[in-house]
Amino acid sequence: MKKILSVLVFTLVAACLVAPKFIAPKHQEKVAELISNINKAPGYTANIVSTDLAWFGSENKVLVTFDTTQIDPTIQEGVLEAELIIDTHYGPLLFSSQGLFGLYDTEISYTGDKQRNFIEWNEDLPLYELSVLGGFTGNFKVADSIPAFSNPANTFQFSGYAGQGEMTDQGFIYQGTLDQIDIVDGYTPVKAEGFTLSIELNANLATIMQGGFYDSTTDFNLEKLNIGADTELSGLNIEMGSSLDKETQLGSIEIGYLIKDAMFGEFKASDLSLVTELTKLSNKFFIDYKNFSDNLLAQTHSSDAVYEVILAFMQDNIGELLAAKPEFNITDFSGTFPEGSFNATLTSKLADIGTPTIEELSIPEFWLYNAIITANLEADEPLVRSLAEQFIASKMRAPLNAPEVKQQALMIINSFVQQGLIKLEDDKYKSEITIEDGQGKIYDSAFPLM
């Protein structure tokens, strides 16, 4: 029994001593791959400044620069630099906060020494740190953080950010939190509280990197936002999602903006919502564009050359993008006020047309004559009457409760009803707007768009 235990102990010790020698070259390949991916991004360049190799780990210093003239050529001295330190410990035995065993534990940090001239934080911490724990099966865990900091005048305070996530063969999940940001400089103080970020990507790393569609959700939440003394928003939420129909290979993107409660002085509203979607998008087009852009950026960094080649690609592939007739829709635009609620929807797509040129797509008249749009609006009668009265009062410069204001507002609403522009049904005013062949129509009343 003792011999068996001795053999097991010897085997484990040998594995812990020998394994790092095999892990090291694989890790350096990943570092080189990271550098290559950064260099493919527009305006970015990355170079390994130095590499220190040891038996159980390594340290790489990488200089990343960004040329802002790639975004705006008018910017002078627009080169930004950041030195990243990639400090790695090799497995299989790791003493990481994210796990005891793994292939490697990498800490990527940006010290931010130059930023200390403008903001103050714990001198023992980098300005940003990302920890990556690589598993034996190819999965990895991540955790990142930004320390609490403030400016010297203490008019800006940032409470610190922390996040963690995991990548598996099933997908990627991530959660991040930020307690508070305070800005007290000037006449309009701002306080943001309770920020959370949630990401769920239901695809493996290879699918994510190819640039096409897959099922995903990303939520940004903010519990409360105060601006000045008379503006308060609560329950702010931005939801973004994507999906892919595997049979048709068409993708969709949805973005929703939500506010639970809003107060601007005497103005109050709740359950404000705007949800938009782009649907019937060719998955093949976006995968082809990702491959094209990766190859293009690897060959040239000239913004003019890139622009011309991208236009040529778009013209050659616009037919693929438009073949399924992509749609832009507003699936929900709604809100509630003390006087009542409203809601609206919109659907839009291109009519049956040939393959347009990029020049045609840049002309507003093209969309006016080739778009098919339907919009439906509905609002409670008291709300419509209140909005009309506020409009008339501002034009007449009269008190909101003046009899002549109420009379004029009622006359305007009734004139819209008589013209067939709105209808009153079940104490709600409704309207339907359609656009097709360059003509607009509100119910049965047609009008030219130009």
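A: What follows goes through the aromatic pairs, then a cluster, then the charges over rings.

This is a predicted model, in which local features need pLDDT of at least 70, side-chain atom pairs count only at pLDDT 80 or more, and totals for chains, interfaces and linings use all residues. Residues are numbered from 1 along each chain as its sequence is written, and side-chain values use heavy atoms, with hydrogens and water left out.

A search of the whole structure finds 15 aromatic pairs. Rings of Phe, Tyr and Trp (its six-membered ring) pair if their centres lie within 6.5 Å; planes under 30 degrees apart count as stacked, over 60 as edge-to-face and the rest as tilted. Phe149 and Phe156 are stacked, because their ring centres are 6.0 Å apart and their planes are at 25°. Phe149 is buried, at 14% relative accessibility, while Phe156 is partly exposed, at 24%. Here buried means under 20% relative accessible area, exposed over 50%, and partly exposed in between (1.4 Å probe, protein chains only).

Phe366 and Trp367 form an edge-to-face pair, at 5.6 Å centre to centre with 90° between the planes. Phe366 is buried, at 13%, and Trp367 is partly exposed, at 39%.

One aromatic cluster is formed by Phe213, Phe285, Phe286, Tyr289, Phe292 and Phe313.

A charge sits over a ring if NZ of Lys or CZ of Arg is within 6 Å of the ring centre and within 35 degrees of the ring normal. Arg116 lies over the face of Trp121, 3.8 Å from the ring centre. The charged end of Lys423 sits over the ring of Tyr443, 4.2 Å from its centre.
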